[in-house]
Amino acid sequence: MPTDARGLARLIDHTLLKPEAVAEQIDRLCDECIEHDFAAACVNPAWVERVAARLDGAATRVCSVAGFPLGASLTEIKAAEARRAVEQGANEIDMVINIGALIGGDVKLVTRDIAGVVDAVRALDERVLVKVILETAVLDERQIVQGCRCTAEAQADFVKTSTGMHPAGGARVEHVALLRRHAAPLKVKAAGGIRDLRGARAMLEAGADRLGMSASVAVLAQLRNA
């Protein structure tokens, strides 16, 4: 766990994925990313071009989503969404798996779905990171482990806990620890419901490499005042 605000900021994807977000809020997100040096700004595809332009020259990366938040889109639609985001300036994609396929045991479909997005963006830029959202709150332990295997086989970069939109909840410490044990060599992103410094610390201690948060600025303030 970093002891300084800058160190923690470099582990955070500063996030605004609410459908009602307006341009002024997106601009503020970008300005906060520049001020605090967050790892990435994570936004819906409609905002990628604006964010990429505003963050031009900054260390903060541009992250967008594919198949968000349900994961039930066709693979070719997810791939096209991810490809377009990269064309507009995204260098990280957080995609949602076909959750029903994983729960139903169709691991070949899950792997093909992830690989479709990975292949689409890597054809444009091999440096693009792909993070795979499992929605762990609706999965049992066996399904989470299998999701890690599918993600690794498809050659993505991260497994991620949650969209933050599901009624079942977001990141849980025990799920982050489970991902850490079974995802290697992949990295782990914890997201969904991390609203304070205590929660952020718990996720990092459980093995998260990256945090997705909308309360990022407030969490940094808590660290500075600790």
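What covers the buried residues of α9? The list includes α1 (5–9), α8 (173–183), β7 (187–191), β8 (210–213) and α10 (216–225), with contact taken as heavy atoms within 4.5 Å. All this comes from a predicted model, where local features need pLDDT of at least 70 and side-chain atom pairs count only at pLDDT 80 or more, while totals for chains, interfaces and linings use all residues. Residues are numbered from 1 along each chain as its sequence is written, and side-chain values use heavy atoms, with hydrogens and water left out.

In α9 itself (residues 197–206), the buried set is Leu197, Gly199, Ala200, Met203, Leu204 and Ala206; buried here means under 20% relative accessible area with a 1.4 Å probe, protein chains only. Helices are DSSP runs of H or I with at least four residues, strands are runs of E with at least two, and both are numbered from the N terminus. An α-helix has 3.6 residues a turn, so residues three or four places apart point the same way. Just past the end of α9, Gly207 adopts a positive phi of about 125°.

Next comes β8, where Arg210 and Gly212 point one way, Leu211 and Met213 the other, and all are buried. Strand β1 (residues 12–16) runs parallel to β8 and is joined to it by three bridges (pairing takes at least two DSSP bridges), with Ile12 partnered by Leu211. β7 also pairs with β8 in the parallel sense, again over three bridges, and here Ala191 has Gly212 as its bridge partner. The β-α-β crossover from β7 through α9 to β8 is right-handed, i.e. clockwise from the first strand over the helix to the second, with the strands pointing away from the viewer.

Notes. Buried means under 20% relative accessible area, exposed over 50%, partly exposed in between (1.4 Å probe, protein chains only).
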